[in-house]
Amino acid sequence: MRLTYLKLGASAFFWGGSAIAGKLVMDELGPASTTFLRFGGAAVLLLAIVPLMRLPLRVGLREHLRYATLGLIGVTLCYYFYFRGLQASSAFNAALLEATIPLVTLALGVAAGRERASRLETVGFVVSYLGVVVIITRLSPNAILEADYNWGDILLLLSTVCFGLYNFLLKLFAPRGDATVQTCLIFCYGALGLVPWLLLDQEGLADLRRFPELEWSLIGCMVFMAVGSSVLAYLFFNQGVHLLGAAKASGFINLVPVITIVLSLALLGERPGAIQLLGAAVVMVGVYLSQRRARPGPAPAEVSRAAAGAGRGAWPRRRG
C-alpha cells in the first residue's frame, strides 16, 4: 500500500514538473518541436509497451473516430495552447490556471444538462474565475479598457478549456477497453495532429534536427516530459485508482499546482508579484469551495491527463 501512495505522489510530481521542464526546453527549442517530441515520444513508447502487455490495439472505426477526436482536443489543441502560452507566461500562472480544469469540466457538464452543480460549486466557480481575471488583467485599468492582456495567459486559459472539454467528451464517449490502449491511441492521434504545426513552424524541423545536439540536461527534461509526465504518471495513477479508488487517488491531483509553483520558485527563479499572489489566493479559495462537497474524484489520464480527469478513462486530468 505504501508503494501505491509513492506512485501516486510520483504522478503528481511528474505532472507538476512538466511545466518547469517545458520552460527549460523552450529556452532552446520552439513550442512546436517541444510539444511534438513530448507526445510523439510518448506515443512511440506506448506503442512498444502495449504489445509487451499482450494488449490488442484493434478497435472499430467508431472507436477510432472517438479517439481521434479526444486526441485532437486533449493533446493537439490543448498542448498547442499550453506550450505557446507557457512560452509567453510563467509556470506559476500555468499552475494556477490548470487548477480550474475540474471547474471547466463541471461547467460543461452543467451546460449540457449532464451534471448538477451545488451552491458551493457554483460559488467556487465564480470565485476562481474572479482570480483568473485578476491574473490576466493584473488589475490594470489600461489592460482592462484596452484589452491589453498577456496573450500567454489567454492561451493557457484556452488550454484549460480544451482539457475540460476533453474530460467531458471522455465521460460522454465512455470508451471501453484497457486504459493503456486508450491512452496509446489518443496520444498517437494527438501527435499526428501536431505534425502540421511542426511543418508550418519556421524552426520546427530545424529544432528536431538540433535536438540530439542539446545539453544532456535539456534532453533529460524532454525525457522527463515524454516518459515521466506522459507515460509513467498515467500508469502509476491508473494503478492507484484500481487499488484505492478514484476518489482517494484523485486527491493527489490537488498537489500538482502546488508542486509546479514550488518548482518554479526553486528552479526557474520566478518571483510572483503582489497581484499574482492575490489572484493565486482567490483562485485557490474558489477551488477549495468547489471541492467542499467531495465529488467522486477525477481520475486523470495527463492522458486519460486514468480515468478521465477522474477518470478520464484515458488520461489524467492534469495536464502538464
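Tutor: The bend at a residue is the angle between axes fitted to the seven residues ending there and the seven starting there. With that definition, H11 bends by about 35° at Gly-228. Helices (H or I, at least four residues) and strands (E, at least two) are DSSP runs, numbered from the N terminus. The model is predicted, so local features need pLDDT of at least 70 and side-chain atom pairs count only at pLDDT 80 or more, while totals for chains, interfaces and linings use all residues. Residues are numbered from 1 along each chain as its sequence is written, and side-chain values use heavy atoms, with hydrogens and water left out.

H11 covers residues 216-244 and packs with H1, residues 2-25. The angle between the two is about 150°, and their axes are 7 Å apart; axes are lines fitted to C-alpha atoms, for helices over the stretch in contact, and angles run from 0 to 180 degrees between N-to-C directions. That angle makes H1 roughly antiparallel to H11 (under 35 degrees counts as roughly parallel, over 145 as roughly antiparallel, 65 to 115 as roughly perpendicular and the rest as oblique). The crossing of H1 and H11 is left-handed, meaning that the near helix is turned anticlockwise from the far one by less than a right angle; clockwise would be right-handed. The residues in this contact comprise 21 nonpolar, nine polar and one charged (Ala, Val, Leu, Ile, Met, Phe, Trp, Tyr, Cys and Pro count as nonpolar, Asp, Glu, Lys and Arg as charged, and the others, Gly among them, as polar).

Within H1 sits Lys-7. Its C-alpha atom is separated by 8.4 Å from that of Gln-239, although Lys-7 and Gln-239 are 232 residues apart along the chain. Lys-7 counts as partly exposed at 23% relative accessibility (buried is under 20% relative accessible area, exposed over 50%, partly exposed in between, with a 1.4 Å probe and protein chains only). Just after H11, Gly-245 has a positive phi of about 100°.

Now the rest of the chain. It has 14 helices and zero strands, and 54% of its 320 residues are buried.

H3 bends by about 30° at Leu-72. The 28 residues of H3 reach 39 Å from first C-alpha to last, close to the 40 Å expected at 1.5 Å a residue (the expected span is 1.5 Å times one less than the number of residues). H9 has a kink of about 25° at Leu-194, shortly before the proline Pro-196. Of the 22 residues of H9, 16 are buried.

The loop between H2 and H3 holds Met-53 and Arg-54. Met-53 is partly exposed, with a relative accessible area of 41%, and its C-alpha lies 10.0 Å from that of Val-181, 128 residues apart along the chain. Arg-54 is exposed, at 78% relative accessible area, and has a positive phi of about 55° although it is not a glycine.
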